[in-house]
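Subject: Structure handover

Hello,

Here is the structure you will be taking over. My notes follow below it.

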Amino acid sequence: MSVAVADPPRVAAARLAWLRERGMGATVLVAAISSAFGVLLLTATGYIATWARSDPYLGDSGTVAVVLGILSVLLVGVAVYVAAIVTANTFATIIAGRTRQIAMLRLIGASARAQRRAVGRQGLGVGLIGASLGLVGGTAAAATLVRLADALLGLSTGYGVLQPVLLLPAAVVALTTWVGAWSGSRRVLTVTPLEALGGAAERTAAQTRSRGRTAAAVALLGAGAALLIGGILIGFVSPLGVVVAFFGGVLSFTGLALGAVIVMPPLLRLTGRLFGRSATARLAAENALRHPERASRMAIGVVMGVTLVVMFAVASASVKAVMTAAAGGNPPAELDRVLDTFAAIMMGLVAVSAVIAAVGLVNLLTIGVVQRQRELGLLRALGLTSRQIRQMVLLEAVHVTITALAFGLVLGIVYGWAAAQSLLGAVSLPPAFASPTLVAPAVPLVPVIVVVAATALLTVIATVVPTRLATRVTAVEALAD
């Protein structure tokens, strides 16, 4: 009597099969970008501090190092925050596609908490993989950039790139990816064994109502708004009001992200009226409202990216406008150049967070189409052509991105003005201003046009793969699945 022995490589491959699931690769990419960004930013901060200490005019002044350190921590924090929300939304979408599988496991005795722990381990796994790749890639890029900077500036700083502090962003990214996966997998707890008899589907509007989630969103939004107002008021006394306003912005936006399923559907309904009354336009608009979780998860990523870029653009332009007015309309050329350079650098750094949000949109659109093959097959069986299916998927993406773009522009202007006001409120800038200073929001045209054009391009790119997937499977194959 022979006993079959499992092939170890096959067993290992089976255990890691979840890594090939759609969405996991994009999550690894998000973690890698975040980790590499942290490594590069910390390296740049250390390099500039080392260069400043060697400068005969700056000497051993620690002010530059402290300012750069605070700035780098804030920017890395923003990137990690965006990555965490994108990861949570990705895993929530993946769980929606696993509903039937999870229900089958529940049917044969598996507990919901055990399933959620498994999802958490998967999140930690992809977080560790992405963070490690970002650490290696970011360190290699940082070493190259340090040598290039020394050569271009004619310096010999002797700055060593391999620093223990570089492990910090990688560890934080891995941890936040695990937290994002754990947060996104909360639906596992609500899956019942009876759902094994049905298909994988997003919850409807009625099923998404949760008093606890709504209460948490309102509480965070209220606390954030209070801190924003408090930061502005403190700003009339001290520039440190911008720190309070920063945390107010984080809390209030977290409340909006948590309550996106409540906030976004009314906005999506308004946008849906712009697309006419054709069959495909009506289907695209109704799909967003019928499954608000799916649409809200896609929209909130675009809202984050647009809000961040517009916020820094408005804050920089508002500060520059105040400085220009204080100088009688003709600021010194050196000050003007410094402000423009700083604004360009900040916009470039913030763009990394926007890229992370863009990866999330592309990923969620692709996963959503894959999980809706049965629905799309039914529409094909009812008479819709491949062209109409492609048009419907494209209109859904356009519907979501236009709504998110408009909402993000409004939020970016509000947050940007709050940042400028809380920073400059206590500053007396003669002859045009006397403390307290009231800052009018300045909306720069060029960055706004760039944001609109980038969002339009992102929509086109994001729909290439989903529209192909939407028409690849025939009606018979989709309905037989």
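**How two helices cross**

H9 passes H14 in a right-handed crossing (left-handed if the near helix is turned anticlockwise from the far one by less than a right angle, right-handed if clockwise). This is a predicted model, where local features need pLDDT of at least 70, side-chain atom pairs count only at pLDDT 80 or more, and totals for chains, interfaces and linings use all residues. Residues are numbered from 1 along each chain as its sequence is written, and side-chain values use heavy atoms, leaving out hydrogens and water.

Two packed helices are described by the angle between their axes and the distance between the axes. For H9 (residues 260–272) and H14 (residues 386–424), the angle is about 115 degrees and the axes are 9 Å apart. Axes here are lines fitted to C-alpha atoms, for helices over the stretch in contact, and angles run from 0 to 180 degrees between N-to-C directions. H9 is therefore roughly perpendicular to H14 (65 to 115 degrees; under 35 is roughly parallel, over 145 roughly antiparallel, the rest oblique).

Which residues meet there? From H9 come Val263, Met264, Leu267, Leu268, Thr271 and Gly272. From H14 come His399, Val400, Ile402, Thr403 and Phe407. Contact means heavy atoms within 4.5 Å.

**The whole chain**

The chain has 17 helices and 0 strands. Both are DSSP runs, numbered from the N terminus: helices are H or I with at least four residues, strands E with at least two. Of its 481 residues, 45% count as buried (under 20% relative accessible area; exposed is over 50%, partly exposed in between, with a 1.4 Å probe and protein chains only). Among contacts between residues at least 6 apart in sequence, 86% join residues at least 24 apart.

**Helix H6**

The buried residues of H6 are Pro169, Ala170, Val173, Ala174, Thr177, Gly180, Ala181 and Gly184. They cover an arc of only 135 degrees around the axis, so they sit on the same side of H6. That arc is taken from the directions from the helix axis to the C-beta atoms. The face turned away from the buried side carries exposed Leu167, Leu168 and Leu175.

**Two single residues**

Gln421 lies in H14. Is Gln421 buried or exposed? Gln421 is buried, at 2% relative accessible area. Leaving aside neighbours within four places in sequence, Gln421 contacts Ile232, Phe236, Thr437, Leu438 and Val439.

Thr254 is in H8 (residues 241–258). Thr254 counts as partly exposed because its relative accessibility is 23%. Not counting residues up to four places away in sequence, Thr254 touches Tyr81 and Leu220.

Best wishes
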